[in-house]
Amino acid sequence: AKEYEDSPVSALKADSQDMIKGIFDTALQYNNGRFQWVNGLFMEYGETKLKPYDEPVAVSENADDILLSSDLSYACWETSGFKFGPTARFAYDTEFVGDPRQNIIRSSAGISLFDNKVLKSLYLTGVHEYDFTYAGSQNNKLGAEFGWRVEYEIRDGVKLSTNGYYREYLS
């Protein structure tokens, strides 16, 4: 690293770099007749420490998120192993550290296909987001969201899963 001590690229003049990241993702699902209620908690934190030659350690955050969510769906119709009906969602999004710390409340309502053997959830909703991260500068947004959760059991005890969403803000 001594050869690169005058380089503007800090990664070149570093003696070492440490990166740590942790993820916790859990959900609790309750089914009762035509109702399905899913509560989730997703937490993620990551940090990188860069130790340049003859300089102080540089620490940067590369992941920081806490998402608490609750989804309620009602099966108005059932066909071919799918349940279809209205869904309502609520979420609180924040972070472990931050000045100021992110604070967002998100609610949505729409339609959902759910509770299939493989396709656990496929939804389209309208979204209202209230961002109160900055005191005195609250922000309201409206948008649309498309999301999914898919699980496929390869064999007993081994399961592939994916979930995600696309959100487009309209105002």
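## Salt bridges, strands and surface: worked exercises

K51 is partly exposed, with 29% relative accessible area (buried means under 20%, exposed over 50%, and partly exposed in between, using a 1.4 Å probe and protein chains only). Before we dig in: the model is predicted, so local features need a pLDDT of at least 70 and side-chain atom pairs count only at pLDDT 80 or more, while totals for chains, interfaces and linings use all residues. Residues are numbered from 1 along each chain as its sequence is written, and side-chain values use heavy atoms, with hydrogens and water left out.

**Exercise A.** Find the side chain that meets K51 in a salt bridge, and say where the two residues sit.

*Solution.* 
- Start with the general idea: side chains of opposite charge can pair when their charged atoms come close.
- Now the rule: a salt bridge needs a side-chain nitrogen of Lys or Arg within 4 Å of a carboxyl oxygen of Asp or Glu.
- The side chain of K51 meets that of D18, at 2.7 Å from N to O.
- This pair links distant parts of the chain, as K51 is in strand β2 (residues 35–52) and D18 in strand β1, 33 residues apart. Strands here are DSSP runs of E with at least two residues, helices are runs of H or I with at least four, and both are numbered from the N terminus.
- D18 is partly exposed too, at 36% relative accessible area.

**Exercise B.** Trace the salt bridges of R106, then work out which network they belong to.

*Solution.* 
- Take D93 to begin with: its side chain forms a salt bridge with R106, at 3.6 Å from N to O.
- R106 lies in strand β6 (residues 103–114) and D93 in strand β5, so the pair ties together parts 13 residues apart in sequence.
- Next comes E129, whose side chain meets R106 at 2.8 Å, N to O.
- E129 is in strand β7 (residues 119–131) and R106 in strand β6, so this pair ties together parts 23 residues apart in sequence.
- Check the burial: E129 is buried at 2% relative accessible area, and R106 is buried at 10%.
- Put together, D93, R106, E129 and K141 are linked in a network of salt bridges.

**Exercise C.** D65 has no salt bridge; find the nearest side chain of opposite charge.

*Solution.* 
- Place D65 in the chain: strand β3 (residues 58–74).
- Sort the charges: Lys and Arg count as positive, Asp and Glu as negative, and His and the chain ends are left out.

**Exercise D.** Describe the surroundings of F84.

*Solution.* 
- F84 is found in strand β5 (residues 82–94).
- At 31% relative accessible area, F84 is partly exposed.
- Leaving aside neighbours within four places in sequence, its contacts include Y74, W77, I111 and F114.

**Exercise E.** Sum up the fold of the whole chain.

*Solution.* 
- Count the elements: zero helices and nine strands.
- The radius of gyration is 21 Å, well over the 16 Å that the globule rule gives for 171 residues, so the chain is more spread out than a compact globule. That radius is taken over C-alpha atoms, and the rule is 2.2 Å times the number of residues to the power 0.38.
- Along its principal axes, the C-alpha trace spans about 70 × 50 × 25 Å.
- Buried residues make up 27% of the 171 residues.

Conventions: Contact means heavy atoms within 4.5 Å.
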